Structures are given as structure tokens and as C-alpha cells.
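Here are a few notes to go with the structure below, written for someone opening it for the first time.

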Amino acid sequence: MTAKISYADVEVGTELPAQTFPVTRATLVRYAGASGDFNPIHWNERFAKEVGLPDVIAHGMFTMAEAIRVVTDWVGDPGAVVEYGVRFTRPVVVPDDDLGAVIEVSGKVAAKLDDHTVRVDLTATSAGQKVLGMSRAVVRLG
Amino acid sequence: MALDQSFAGRSYPPTEPYEVGREKIREFAEAVGDANPAYTDAEAAKALGHPDVIAPPTFVFAITFKAAGEVVADPQLGLDYSRVVHGDQKFAYNRPVRAGDRLTVTSTIETIRSMAGNDILDIRGEVHDQDGEHVVTAWTKLVARAAEEA
């Protein structure tokens with residue numbers, strides 16, 4: 001593995017470059033096809049409202065896939081991710097307009113662990129609300 | 001209705017192998033807008049020390065969740081899937097999933113709990129390749145919300 005970030009250069013508190021990820025209805029249709037998750041709450045507004053949601057919501061696994069990009073773009077090698085976990089706390093609501101929603105993700109090094117690994121704690125928000133909790137990745141550095 | 005606690009610890013037989021295709025990886029990477037060349041360019045992946053293109057970290061969920069679906073659909077367990085939401089998800093990787101892998105999943109119900117009328121199910125999926133080597137473990141927490149009183 002060749003990670004472009006060196007373990008020696010990282011401290012607890014080191015911030016990873018934050019990123020924003022736009023999500024439209026088209027994004028969700030595409031993710032549904034690629035992932036095989038065709039649950040209608042992710043594309044059918046009528047169905048979503050029938051089950052008590054405010055509108056169509058993004059796949060939790062889509063948000064999880066975007067959040068880890070803050071880590072994989074930082075280290076360069078996605079294979080450096082050793083562990084990754086999240087709790088789905090609130091849905092990302094995606095209105096039927098050209099703007100959709102935006103997921104904002106930031107991360108910082110929370111602990112330096114053995115074997116050149118660090119724990120990164122991620123924060124993901126949409127419309128000012130946290131959408132992931134306990135979002136943590138362990139990644140191996142160079 | 002609370003689920004039968006005796007299902008905790010139960011394992012299900014390994015799934016039929018899922019063959020990881022490079023175009024499926026590309027499709028997934030494009031769907032999440034991730035242009036990392038390790039997902040689409042074998043030479044770039046090799047430069048990072050991988051034998052072939054690798055899959056994004058959450059790609060394997062499609063495979064483990066399908067396997068978990070067989071658990072969820074077990075009529076003896078009696079889970080009402082229409083009330084199920086995804087609570088937590090975690091992965092621990094031995095190595096990244098890569099093109100050409102033939103992956104099988106062995107699912108185990110780790111715990112079953114009832115809390116405030118909700119049923120909470122923790123399912124662990126162990127993913128192995130065609131050589132029997134461990135690739136990744138996925139933990140999925142499913143929450144079946146309590147039925148409303150009629």
C-alpha cells in the first residue's frame with residue numbers, strides 16, 4: 001500500500017480537506033441502479049409520503065459512500081481503509097428540483113493507533129442537520 | 001411482536017459466489033461520483049500495490065445486504081420487513097474487494113433485542129474469496145419499528 005499521507009506528519013486534531021456532495025433525484029436513480037437498492041422511498045415521492053417521510057430520501061449507503069471519500073481522497077489509496085462504520089441518524093431529504101440536497105462532510109484525526117493507522121472521525125450534515133453519527137474510519141498511512 | 005431470541009447466534013449457509021466485475025465497479029464509482037483511478041484503471045491500481053482495479057469501500061454492501069435479506073426473510077424469524085430501517089453499518093477489511101473476486105457471504109445473527117417495542121437485529125456477514133481467504137466483515141443493524149396500535 002502506498003498512502004500519500006505519512007503517519008509521522010499527522011497529529012490528533014489534523015483536519016482532512018472537507019468536501020460537499022450534491023444529491024439530486026437523478027443521483028438517487030443512478031445509485032439505485034448501481035447498488036441494486038430499489039426501495040421506492042428513494043425515488044417515489046408518493047410512496048415516501050405514504051410511509052411518513054417528508055419527501056424522497058437518499059439511500060443511507062449513498063451518504064456512507066460519499067462520506068468516506070473525504071478519507072480516500074486524502075490518502076489516495078482507497079485500499080488503505082481498514083475499518084469504516086456509521087450510524088444513520090437522520091435522512092437526507094432530496095426535493096424534486098434542480099438543486100436537490102447537499103451533503104457536507106468534514107473529518108479529523110481522532111487517534112493515532114498501532115501499525116501506522118489512525119482513526120478519523122467524520123461529520124456529515126445536510127440542511128444543517130447531522131445525518132450520520134458515530135462515523136469513524138481507521139485508515140493505514142505511509 | 002417480539003422476535004424469537006433463540007435466533008441469536010444462528011448462522012446461515014454461505015451464499016452462491018458473486019463475481020465482482022470491473023464494469024460493475026466502474027458503474028458504482030460513477031454513481032457515487034468518485035473519480036479515484038484505482039476503481040477504473042488497472043495500471044493505477046497496480047501502482048498502489050493492488051493486482052487489479054479495486055471497489056469503493058461500501059461496494060460490498062450490495063452483496064452482504066442481499067445475503068442478510070435471506071436472514072430477514074426467514075419465515076421462522078417472523079420479521080416484518082416493511083417496518084425495517086437501516087440503523088448502523090460497519091465494515092472491517094482484510095483487503096479491498098477487487099475485480100475478479102468470487103465472493104461468498106456467511107451471515108450470522110449476532111443479537112436480537114427488543115426495545116420500546118422495536119426489534120433490533122444485528123447481522124454479521126463474513127465475506128470470503130474463491131480461495132477461502134477472508135476479505136471483509138460487514139455488520140448491519142436493522143431496526144423493525146413497532147407497529148402502530150390500530
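1. Let's start with the charges. Four salt bridges turn up across the interface of chain B and chain A. Keep in mind that this is a predicted model.

2. One pair to look up is A:Arg87 and B:Asp88: their side chains form a salt bridge, with N to O at 3.0 Å. A:Arg87 also sits opposite B:Asp88 in S2(B).

3. That brings us to the strands. Strand S2 of chain A (residues 81-88) runs antiparallel to S2(B), and five bridges join them.

4. How much do the chains share? Between them, chain B and chain A bury about 2,400 Å², with 56% of it on carbon and sulfur atoms. On the chain B side, B:Ala31, B:Val32 and B:Leu48 lose the most area to chain A, and together they account for 20% of what that side buries.

5. In terms of residues, 28 from chain B are in contact with 29 from chain A. Polar contacts between the two chains come to 10 residue pairs, counting those where both residues are at pLDDT 80 or more.

6. Which parts of chain B touch chain A? Helix H1 (22-31), helix H3 (61-72) and strand S2 (84-93) of chain B each supply at least two residues to that side. S2(B) gives the most, with eight residues.

7. As for the make-up of the side of chain B that touches chain A, its residues split into 15 nonpolar, seven polar and six charged.

Technical notes. Residues are numbered from 1 along each chain as its sequence is written. Chains are lettered from A and ligands numbered from 1 in the order in which they are written. This is a predicted model: local features need pLDDT of at least 70, side-chain atom pairs count only at pLDDT 80 or more; totals for chains, interfaces and linings use all residues. Side-chain values use heavy atoms; hydrogens and water are left out. Contact means heavy atoms within 4.5 Å. Buried area is the accessible area (1.4 Å probe) that two parts lose on being put together, summed over both. A polar contact is a pair of N or O atoms within 3.5 Å; within protein, one must be able to donate a hydrogen and the other to accept it, and residues adjacent in sequence count only if both atoms are side-chain atoms. Helices (H or I, at least four residues) and strands (E, at least two) are DSSP runs, numbered from the N terminus. Ala, Val, Leu, Ile, Met, Phe, Trp, Tyr, Cys and Pro count as nonpolar, Asp, Glu, Lys and Arg as charged, and the others, Gly among them, as polar. Two strands pair if DSSP finds at least two bridges between them.
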